[in-house]
Amino acid sequence: MQEITDKLPDWAIRLLWPAAWLRRKHAGYFNYYGVIGNSRMLSQYWFESRRIAFASLNRRSQRLSYSWAGFIQMWQTLGIGGPRIEEKPRANRPHLAFSQA
């Protein structure tokens, strides 16, 4: 990201800052709550956070700023990742396996 921001003017960096902040917030949330068995709630958080962002962007005037399809395309352009499980399954963690002895 650093090499991209070096080539941009200051006003463009200020426009990209909220996307970087949102990317960090989502990454931190998914790192903390991304455990096995919590995928349903991660997906719900993901959907609700996108719905709130969509509503807040469309609240700026009486005319809609984004359609849902346009918002999804903008969201993908910003590179904000989706929910993911960070915990490794027990079979891949040999230090937690029970010994046969």
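Predicted model: local features only at pLDDT ≥ 70, side-chain atom pairs only at ≥ 80, totals over all residues.
Me: Where does histidine 26 sit?
Reply: Histidine 26 belongs to helix H2, which covers residues 10-33.

Me: Is histidine 26 buried or exposed, and why?
Reply: Histidine 26 is buried, because its relative accessible area is 2% and the cut-off for buried is under 20%.

Me: Which residues does histidine 26 touch?
Reply: Leaving aside residues up to four places away in sequence, histidine 26 touches Tyr45, Trp46, Ser49, Trp75 and Ile80.

Me: Switching to the rings, how many aromatic pairs are there?
Reply: The count comes to 13 aromatic pairs. One of them is formed by tryptophan 46 and tryptophan 75, whose ring centres are 5.7 Å apart with the planes at 75°.

Me: Why is that tryptophan pair called edge-to-face?
Reply: The planes of tryptophan 46 and tryptophan 75 stand at 75°, so the pair is edge-to-face, given that plane angles over 60 degrees count that way.

Me: Which helices does the pair link?
Reply: Tryptophan 46 is in helix H3 (residues 39-58) and tryptophan 75 is in helix H4 (residues 68-78), so that the pair links distant parts of the chain, 29 residues apart.

Me: Are those two tryptophans buried or exposed?
Reply: Tryptophan 46 counts as buried at 13% relative accessibility, and tryptophan 75 is buried as well, with a relative accessible area of 4%.

Me: What about phenylalanine 54 and phenylalanine 71?
Reply: Phenylalanine 54 and phenylalanine 71 also form an edge-to-face aromatic pair, at 5.4 Å centre to centre and with 70° between the planes. Because phenylalanine 54 lies in helix H3 and phenylalanine 71 in helix H4, the pair ties together parts that are 17 residues apart in sequence. Both phenylalanine 54 and phenylalanine 71 are buried.

Me: Last one: which residues do ring pairs link into a cluster?
Reply: The cluster linked by ring pairs consists of Tyr29, Phe30, Tyr32, Tyr33, Tyr45, Trp46, Phe47, Phe54, Tyr66, Trp68, Phe71 and Trp75.

How values were computed. Residues numbered from 1 in each chain as written. Heavy atoms only, no water. Helix = DSSP H or I, 4+ residues; strand = E, 2+ residues; numbered from the N terminus. Buried < 20%, exposed > 50% of the residue type's maximum accessible area, 1.4 Å probe, protein only. Contact = heavy atoms within 4.5 Å. Phe/Tyr/Trp six-rings, centres within 6.5 Å; stacked < 30°, edge-to-face > 60°.
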